[in-house]
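Me: I have a model open and I'd like to learn how to read it. Could you take me through a few features?

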Amino acid sequence: MALKARLDLRQSQSLVMTPQLQQAIKLLQFNNIELSNFIDSELLENPLLERADPGQTFAESGDGAVGNGDDGIDSRSTDNFTDRDDQFGTDRLTASETMGNDDGPLDVASDALYGGEGEISRNGEPVAGNHDYSSPYSGGAGGGAGGSGSGSSDDLPGLEQTLADEATLRQLLDDQMNIAFADASSRMIGSYLIDMLDDNGYVSGELSEVSDALECSIEDVKRVLGVMQGFDPVGIFARDLAECLELQLRDLNRFDPAMAALLANLELLAKREFDRLRRVCGVDADDLHDMIAEIKNLDPRPGKTADGEIATPVIPDVLMRAAGNGNWHLELNTDALPRVLVNEEYVAQIGAGLRDREERGFMSERLQTANWLVKALHQRATTIMKVASEIVRQQDGFFSHGVSHLRPLILRDIAEAIGMHESTVSRVTNGKFMSTPRGMFELKYFFTTAISSSDGGDSYSSESVRHRIKSLIDKEEPKKILSDDKLVELLGKEGIDIARRTVAKYREAMRIPSSVQRRREKKSRAS
């Protein structure tokens, strides 16, 4: 067989993910906090970007609709947009896209900056003559975007910027240790014990480790530990849960022989064997109930409480309210979206003075990046509105009648309805929240698996089945506790075809005890 070199010419097609397209996909999956942080970094790196004035409006233009491909972002539109480095903000990108679905077209439009309304009827049909969904993003190369705050240098710092740093748990314990101990050896032992604390505030190792490492007596380690167990937060430096609760009860002057017996038999409490607990503790049912209530008010993780992160409030990305006549009104929350635009005056000012080719290249690249960012933010907002509006259309029964009417829904259903890829819908629903008349929900909450119907009718949402199981258990009589098999039977009569193991899984996920434990608990309360 002869070997020879040969030159072939082949033609093929492939999808190229440009850096800008990759970044646009990341923007789509950012939540509002991550997006705000990203915008802050872009404002620091790009001198042509600035925050838009909340009251600023921009001129309308005939720039085409923002296209969407499989990922909700048209790479051709992005490339064309970034090549237009000769326009500095007179254009305004419209959000005039049409969502095709079985119920009819729904126009997504921006009539004015931060304006426009969108309504959906309760039967899933768009309201005639009023199909506009407000989108806070506008502006081509210089269009504004949604959010709050101004980039003016005269702005005063926010309240959060004037707060002092929170002291960490380690700093709090070090301060207390320096006051409690004067000798260096005790402080050395104390520092070692602080290093042994786990995230819950418990001493994670054996005391002999401290004695061996520091070559001190075990009595000295126990003495220092005893003092440090009186530090704040109360319950810190415990070696197990029972000791943690004991330290807190001693601080409240509520530790007595009955409580000691209860803490020594926490496994019985976990199993809800209240009859045995009453005998062990030597108390009646009322006293035991009060003791358990006191235990529940204690903190089993003092380290988490003292050194936990400040809870970040959830800011909705989409606002929803009833619009009357059986319709829903949806709009993007402008407070959750940063407003950015290209600083035209700065571009014009420095553009005339640029002589060096390298400088002109740098400013051209910065201008293209700024133009792309404004466009990508607008596409992100439009895509969120598309997904949210279709979710409202599909889950109208939930918003009208409650969780029992939550429909089975998967990503593919929304993706096919709005003409996007499932991965795009997944990115949009992750970490995005919608404020509704029934509360605040993450968009992915509305996606639930289907439970088949025993009579061949429509399937049931797993979330609605969970709600029904909890409702049946809440209404059960003390003398007629419902077993998992009985729950399967009752659900079957309602047309829900479900296995016993599925009922048990849903019950355990809702932290509902088994029928045996519930019978013991209700029997104890009755006696």
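This is a predicted model: local features need pLDDT of at least 70, side-chain atom pairs count only at pLDDT 80 or more; totals for chains, interfaces and linings use all residues.

Me: How many residues does the largest nonpolar core have, and which have the most contacts inside it?
Reply: That core has 51 residues, and Leu27, Leu330, Leu373, Phe399, Ile414, Met434 and Phe446 have the most contacts inside it. Helix H15, residues 357-394, supplies the largest share, with 15 residues. Apart from this core there's another one of 20 residues, including Met177, Leu193, Ile194 and Leu207.

Me: What is methionine 434 in contact with, leaving aside neighbours within four places in sequence?
Reply: Its partners include Pro316, Val318 and Met320, then Ala388, Val392 and Phe399, and also Phe441, Leu443 and Phe446.

Me: Now helix packing. At what angle do H9 and H11 pack?
Reply: Two packed helices are described by the angle between their axes and the distance between the axes. Here H9 (residues 257-264) and H11 (residues 274-281) pack at about 135°, with axes 9 Å apart. Angles over 145 degrees would count as roughly antiparallel, so H9 is oblique to H11. The crossing of H9 with H11 is right-handed. On the H9 side you'll find Ala258, Ala261 and Leu262, which meet Leu277, Val280 and Cys281 of H11. By class, that contact has six nonpolar residues, no polar ones and no charged ones.

Me: Is serine 186 buried or exposed?
Reply: Serine 186 counts as buried because its relative accessibility is 1%, and the cut-off for buried is under 20%. This serine sits in helix H5, residues 184-195. Not counting residues up to four places away in sequence, serine 186 touches Phe181, Arg223 and Val224.

Me: And the backbone: which two residues does a cis peptide bond join?
Reply: Most residues other than glycine have a negative phi, and most peptide bonds are trans. The cis bond here joins aspartate 232 and proline 233, with omega about 0°. Proline 233 is in the loop between H7 and H8.

Me: Where do I find glutamate 215 and arginine 272?
Reply: Glutamate 215 is in the loop between H6 and H7, and its phi is positive, near 55°. At 74% relative accessibility, glutamate 215 counts as exposed. Arginine 272 is in the loop between H10 and H11, with a positive phi near 60°. With a relative accessible area of 23%, arginine 272 is partly exposed.

Definitions and conventions:
Residues are numbered from 1 along each chain as its sequence is written. Side-chain values use heavy atoms; hydrogens and water are left out. A nonpolar core is a set of buried Ala, Val, Leu, Ile, Met, Phe, Trp, Tyr and Cys residues joined through side-chain atoms within 4.5 Å. Buried means under 20% relative accessible area, exposed over 50%, partly exposed in between (1.4 Å probe, protein chains only). Helices (H or I, at least four residues) and strands (E, at least two) are DSSP runs, numbered from the N terminus. Contact means heavy atoms within 4.5 Å. Axes are lines fitted to C-alpha atoms, for helices over the stretch in contact, and angles run from 0 to 180 degrees between N-to-C directions. Angles under 35 degrees count as roughly parallel, over 145 as roughly antiparallel, 65 to 115 as roughly perpendicular and the rest as oblique. A crossing is left-handed if the near helix is turned anticlockwise from the far one by less than a right angle, and right-handed if clockwise. Ala, Val, Leu, Ile, Met, Phe, Trp, Tyr, Cys and Pro count as nonpolar, Asp, Glu, Lys and Arg as charged, and the others, Gly among them, as polar.
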